[in-house]
Amino acid sequence: MSTATHADSDDALPTAAQLSAAKATHVLDSHATRISVASLFDDAQAQQLPLVLVFTRHFHCGMCKEFVRALAESSILTRVELVIVGPGEPAGVETYKASVGNPPFKFFADPQLNLYHALGVTRRNLELGDAKEKVGAHHKVGLTHNVISSVIDLVKSGTQALKGGDFKQLGGEFVFSEKGEPVVAITGASRGIGRACALACAAHGATGVVVHYLGDTQTTAEAESLQQELADLGAKAVLVAGDISDATVGQAIADAAEREFGRLDVFVSNAGICPFMGFLEMEASTWRKVQDVNLNGAFFATQAAARLMSKQSPRGGSIIAIASILALVGGEFQSHYTPTKAGLKSMMESAAIGLGPLGIRCNSVLPGTIETAINADDLKDDAKRQRMVDRHPLRRLGRPDDIAGPVVFLASDLAKFMTGSSVLVDGGCFVNLQ
Ligand code: RM4
């Protein structure tokens, strides 16, 4: 697995916390008007361009001017939203801009160095003083073109990244890659499919995970051990306990993502129960409980996640509901459960319509028979188990990890044109009629 390098130097990737700190700062235009850095991200996103911030050492620094002039001459212009930030006073902005040939970039002053400090741009740019022999590598003319080609490479790869002494690429299209820092929240994540998804997301680059779990003794112990496993993979996990049927728990999950990581990129609605029971024996309380956890709870948590995704900057995200093959077919002892799974699939289809224009994709995964605690009792019946195995062309039942891959795919930008879809992951069980 690869993790993002954390930013205690100019060469490192910015952390999610640094990005959110940066968005809370302001820079000044030449009229000394305060411009929020968050709005710079929004503007770039509206144009579907990555935002590249170029930090100058001084507005009067000759080498920085050369670097900016070289950027102006390169083909980078059409592919990024370029913003030059200098540590001087706003009065110097126009003079500086003229001295580099008035390129069509945005120029801002950051006299208090708030944005510099938020992103950790200090080492070469600010702390070296003016002594010529200490001037950083980025000031050497020969490197300017290398830096520009690295910017172009980054832009082509679509990754969020920070590299080199003088530029920070901080936005653009969200890519779930080793260089990104996606934040994921998963309900019912302490065990089974939810746990496998959390681990797979961390293994594929997520550095922040909100782990929701019920909160009894067993799931608490599971969540704590998952937190450790995620830490070993380089991801920070925040634990949120509670019954998902309570709408405040769904809100607490979104709040934890916002508080701890500044955003939420991927939400996996996974929590669900299935106390197997015949249709004639079904008690009203059991029927209601299953609707409350599997469908009502999923709705409230998904809505809270979507509200956060719709207001964050850059906006958007990917929502994945773990439904079931039983959204499509029946289960003799699952007449309470199958409507909730059909409901989840349907909910993603409807949510996809309203949330698509906000950059939020909504899809469902339909697992087949995956061996977890939910069906352990049911599968103790050897004859039934064998019958189920035989129906699978792949000749085995599923494992939680079988579902994690398709979830990571849907979470990632590889699935960027998928919304409102449902992906059946069942080892071929569904199609095996005769
Ligand atoms: C799954 C699948 C399994 C069933 C569980 C409870 O969605 O249908 O076969 O046992 O639900």
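# Briefing: helix packing, a parallel sheet and a ligand shell

α11 crosses α12 in a right-handed manner. The model is a predicted one. Helix α11 covers residues 284-311, and helix α12 covers residues 337-355. Seen elsewhere in the model is an open sheet of 7 strands. A ligand is also present, with C274, D378 and others around it.

**Helices α11 and α12**

- Two packed helices are described by the angle between their axes and by the distance between those axes.
- For α11 and α12 the angle is about 15°, and the axes lie 9 Å apart.
- That angle makes α11 roughly parallel to α12, because angles under 35 degrees count as roughly parallel.
- From α11, the contact draws on V290, Q291, N294, L295, A298, F299, T302 and A306.
- From α12, Y337, T340, G343, L344, M347, A351 and L355 take part.
- By class, this contact holds 10 nonpolar and 5 polar residues, with no charged ones.

**Helices α10 and α11**

- Helix α10 (residues 247-261) also packs on α11, at an angle of about 30°.
- Their axes are 8 Å apart.
- α10 and α11 are therefore roughly parallel to each other.
- Their crossing is right-handed.
- On the α10 side, the contact uses A247, G250, Q251, I253, A254, A257 and E258.
- On the α11 side, G297, F300, A301, A304, A305, R307 and L308 meet them.
- The contact of α10 with α11 splits into 9 nonpolar, 3 polar and 2 charged residues.

**Helices α8 and α9**

- Helix α8 spans residues 192-203, and helix α9 spans residues 217-232.
- The axes of α8 and α9 come within 9 Å and cross at roughly 20°.
- α8 is therefore roughly parallel to α9.
- The crossing of α8 and α9 is right-handed.
- R195, A198, L199 and A202 of α8 make the contact with L226, E229 and L230 of α9.
- Of the residues in this contact, 5 are nonpolar and 2 are charged, while none is polar.

**The sheet**

- Strands of a sheet pair through backbone hydrogen bonds, either parallel or antiparallel.
- Here the pairing is parallel, and the strand order is β10-β9-β8-β11-β12-β13-β14.
- β10 (236-241) and β14 (422-425) stand at the edges.
- Each edge strand has a single partner, so one side of each is left without a neighbour in the sheet.
- Neighbouring strands are turned against each other by 15° on average, direction ignored.
- Strand β13 (residues 360-367) is joined to β14 by 4 bridges, and the two run parallel.
- P367 stands opposite V425 in β14.

**The ligand shell**

- Around the ligand are C274, S324, I325, L326, G331, P367, T369, I374, N375 and D378.
- By class, this shell has 5 nonpolar, 4 polar and 1 charged residues.

Technical notes
Residues numbered from 1 in each chain as written. Predicted model: local features only at pLDDT ≥ 70, side-chain atom pairs only at ≥ 80, totals over all residues. Near = placed C-beta within 6 Å. Nonpolar A, V, L, I, M, F, W, Y, C, P; charged D, E, K, R; others polar. Axes fitted to C-alpha atoms, helices over the stretch in contact; angles between N-to-C directions. Parallel < 35°, antiparallel > 145°, perpendicular 65-115°, else oblique. Left-handed = near helix turned anticlockwise from the far one by under 90°. Contact = placed C-beta atoms within 7 Å. Pairing = 2+ DSSP bridges.
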